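Welcome! Take a moment to look at the sequence and the 3D view, and then let us walk through some of the details together.

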Number of protein chains: 2
Amino acid sequence: MIQGNFAVAQSGGPTSAINATLCGVIEGAFSQGRRIYGAVNGILGVINDSFTDLNITFSNMDNIQLLKTTPSAYLGSCRYKLPASEDNYELYEKIFSNFKKHDVTMFIYIGGNDSMDTVRKLSAYSKKYNKGVYIVGVPKTIDNDLMNTDHTPGFGSAAKFVATAVSEIARDCAVYADPSITVIEIMGRNAGWLTAASALARSNTSDAPHLIYLPEKQLSVEKLINDVESCKARNMVIAVSEGIKNENGEYFSNLACNISHDEFGHAQLSGSARVVENILKEKFGIKTRSVELNVLQRCSSHFASRTDLDESVKIGKAGASAASEGMSGIVMGFKRTGNYSIDIITNNATDVANLEKKVPDSYISRTFNDVTDDFIEYCLPLVQGEPSIITEKGIPKHIAL
Amino acid sequence: MIQGNFAVAQSGGPTSAINATLCGVIEGAFSQGRRIYGAVNGILGVINDSFTDLNITFSNMDNIQLLKTTPSAYLGSCRYKLPASEDNYELYEKIFSNFKKHDVTMFIYIGGNDSMDTVRKLSAYSKKYNKGVYIVGVPKTIDNDLMNTDHTPGFGSAAKFVATAVSEIARDCAVYADPSITVIEIMGRNAGWLTAASALARSNTSDAPHLIYLPEKQLSVEKLINDVESCKARNMVIAVSEGIKNENGEYFSNLACNISHDEFGHAQLSGSARVVENILKEKFGIKTRSVELNVLQRCSSHFASRTDLDESVKIGKAGASAASEGMSGIVMGFKRTGNYSIDIITNNATDVANLEKKVPDSYISRTFNDVTDDFIEYCLPLVQGEPSIITEKGIPKHIAL
């Protein structure tokens with residue numbers, strides 16, 4: 001058993017489940033009778049020695065309960081790419097001296113694939129220079145695009161939001177006798193997992209969405225128009241990923257306007273649905289509109305997936321255990337067993353960091369405009385159950401730092 | 001007591017509570033042992049003799065329960081302006097002969113202020129030509145802009161969605177250390193009730209939204225910039241109505257692009273938040289984004305206001321009673337009593353039809369960028385409580401025609 005204290009931080013884009021994972025890490029630390037510090041704004045909190053003592057607030061179980069259903073990163077987040085240690089030795093020394101100052105020997109980093117690169121680098125540095133800090137990554141991302149895990153914490157809640165919203169919007173579309181087309185834009189720059197989850201909106205009372213386009217397959221304007229012409233639905237609902245590309249590999253959203261880039265060089269996309277809307281409006285001349293589900297996909301926690309929240313707590317706890325057992329440079333993951341349960345596994349951070357898992361061909365219909373039954377079977381268990389929400393004055397109660 | 005059967009129809013934009021009102025009308029008819037027909041797609045269903053027998057489906061209480069939490073108009077809707085009887089005598093004769101065909105003597109029309117014009121016209125015609133059909137309007141609109149009622153069925157659920165979404169988005173905004181501005185666009189063409197409801201997002205853990213702009217007060221770009229400069233929040237959240245106008249009375253959304261009009265001559269707006277985003281991005285050069293809450297405001301029923309749903313059932317029942325007592329050309333309404341309960345009242349349709357109730361000055365801060373405590377006191381009771389949602393495969397179950 002490693003001696004010393006825990007630190008934990010959260011990074012990357014928020015999700016509805018990232019605080020459930022934080023709950024798990026805190027509970028893991030408490031179950032070992034350890035002190036646990038939260039670094040504020042991800043690795044920047046460690047660099048700037050900005051830590052908060054989590055023992056006081058979360059010895060109160062009511063606060064743990066609130067934290068579990070509070071969306072977005074309680075500790076704040078960052079989008080910061082840690083430079084290579086060769087390029088900034090002083091920065092690494094600062095990080096480890098700040099850990100030492102608080103007797104932190106175990107650091108749990110909750111984040112996406114960019115953050116797992118930080119886990120890999122810090123762990124390698126700690127080993128090489130005998131810093132005695134064990135560093136474990138716990139994944140979170142609504143994008144579900146991490147390698148070597150069945151799925152990611154946060155995806156199930158986002159998928160449930162998308163399926164629920166699409167089913168509600170489909171009812172809104174169906175009320176008028178006149179034909180219409182509604183294009184719904186769903187997050188996912190290069191991986192279409194969340195857009196694929198829109199298929200879960202289908203039920204006995206609605207077959208919307210009628211067409212589903214993922215970024216994994218190129219989509220020519222000609223094919224789009226043919227697909228729409230072949231669709232018999234009076235009030236058509238089309239789910240498109242923000243990152244759909246045409247046959248030349250150009251983003252639809254690029255066809256409309258210039259784009260900016262975030263700190264990692266990712267294109268900041270918006271508007272693929274608007275572009276599709278305009279194409280179809282011009283071609284068919286019927287009522288056409290577009291809806292961006294936008295940030296609610298990652299922060300609408302009041303109808304989160306209970307399965308996702310429970311698994312997120314579990315993987316956070318397992319991360320704390322792994323660190324205390326002296327594991328480092330690893331990323332926790334899920335392995336699906338039976339129908340349906342989950343085992344927690346560990347991967348080397350090098351097998352996760354900076355990689356992207358796309359939706360495989362077996363989950364995409366041969367017509368490239370829908371998902372397969374295999375995808376539905378994969379996704380359905382992840383969205384089951386609802387959390388108990390504590391409300392105050394009619395809206396969900398949250399906890400803030 | 002009037003003899004004969006009931007008919008009911010739904011009109012205008014969908015809401016999360018319009019089917020709860022339909023439940024009330026059905027229950028009202030059943031409690032009198034009457035047959036009740038639903039006209040499909042509003043008054044168009046009456047014109048086209050497209051009726052569905054509601055007795056079969058809804059003698060099953062499970063279906064009533066499902067209907068109560070199914071968003072959007074179960075019977076379909078229309079946006080159809082009934083011409084004056086002087087201009088189309090044949091149309092009116094067709095309507096009343098179709099009523100007669102099914103022995104319909106009581107017609108309940110659930111809709112907004114445009115639909116109440118239909119109630120007024122049909123009732124006047126029935127009286128004038130002794131058609132013996134009693135016509136009662138029951139209001140619904142998320143806009144809360146009907147005269148002579150404390151509030152409208154559907155507003156409470158939309159207000160709860162807006163407050164909840166803004167509180168969740170505010171948490172999403174707060175995670176990064178860098179300053180940012182998020183502009184959230186809320187429905188409401190000329191009346192800012194729903195935008196005002198964003199103030200309910202404030203809690204012990206968040207003071208967002210920091211600025212609230214309603215269409216009732218003109219907003220110069222200069223004032224907007226001054227307000228933002230004076231705001232001390234690091235991660236600012238601004239709630240704007242889709243219909244905000246500048247000091248010349250021009251829609252912000254018009255400043256960006258051309259607009260189309262709907263069948264009633266209403267401007268089809270979108271993009272006021274995008275325009276504000278671009279103004280602030282250019283001025284302040286910090287991370288700025290805009291989010292349109294879009295149609296989810298009126299169809300996101302899974303976290304509806306239980307108060308709203310219960311009141312919607314109650315007013316639907318009262319509408320059925322009023323018609324069976326021989327009242328006609330009236331619109332049902334709410335009167336607030338005590339702290340907090342509701343009496344059902346009736347108004348002449350002429351006092352409701354085609355009129356708009358705007359947010360009064362007493363509910364708008366003197367700085368024109370916030371609401372007053374009086375507004376909070378008014379709005380808070382309307383968003384209380386949550387419905388029990390029946391789910392199937394992880395998403396809310398709906399009922400469809």
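In which loop of chain B does B:Ala197 lie? B:Ala197 is in the loop that runs between α8 (193–196) and β7 (211–213) of chain B. Helices (H or I, at least four residues) and strands (E, at least two) are DSSP runs, numbered from the N terminus.

Before going further, a word on the ground rules: this is a predicted model, in which local features need pLDDT of at least 70 and side-chain atom pairs count only at pLDDT 80 or more, while totals for chains, interfaces and linings use all residues. Residues are numbered from 1 along each chain as its sequence is written, chains are lettered from A and ligands numbered from 1 in the order in which they are written, and side-chain values use heavy atoms, with hydrogens and water left out.

**Two buried residues of chain B**

B:Ala197 counts as buried because its relative accessibility is 0%; buried means under 20% relative accessible area and exposed over 50%, with partly exposed in between (1.4 Å probe, protein chains only). Not counting residues up to four places away in sequence, B:Ala197 touches B:Ala159, B:Ala163, B:Phe375 and B:Cys379, where contact means heavy atoms within 4.5 Å. B:Leu380 is 183 residues away from B:Ala197 in sequence, yet their C-alpha atoms are 8.7 Å apart in space.

B:Ser115 belongs to helix α6 (residues 113–128) of chain B. With a relative accessible area of 4%, B:Ser115 is buried too. Apart from neighbours within four places in sequence, B:Ser115 is in contact with B:Ser11, B:Gly12 and B:Tyr109.

**A helix with a buried face**

Which residues of helix α9 (residues 221–230) of chain A are buried? They are A:Leu224, A:Ile225, A:Asp227 and A:Val228. Seen down the axis of α9(A), these buried residues fall within an arc of 160 degrees, so they line one face of the helix; the arc is that of the directions from the helix axis to the C-beta atoms. An α-helix has 3.6 residues a turn, so residues three or four places apart point the same way. The exposed residues A:Glu222 and A:Ser230 sit on the face turned away from the buried side of α9(A). Among the elements covering the buried residues of α9(A) are β6 (180–186), β7 (211–213), β8 (235–241) and α11 (272–284) of chain A.

Most residues other than glycine have a negative phi, and most peptide bonds are trans.

| Residue | Phi | Loop in chain A | Relative accessibility |
|---|---|---|---|
| A:Asn294 | about 60 degrees | between β11 and α12 | 13% |

The peptide bond from A:Ala208 to A:Pro209 is cis, with omega near 0 degrees. In chain B, a cis peptide bond joins B:Ala208 and B:Pro209.

**Where the chains meet**

Chain A and chain B each give 59 residues to the contact. Between the two chains there are two salt bridges. A:Arg298 forms a salt bridge with B:Asp172, and the closest N and O atoms are 2.7 Å apart; a salt bridge is a side-chain nitrogen of Lys or Arg within 4 Å of a carboxyl oxygen of Asp or Glu. On the side of chain A that touches chain B, the largest share, ten residues, comes from α7(A).
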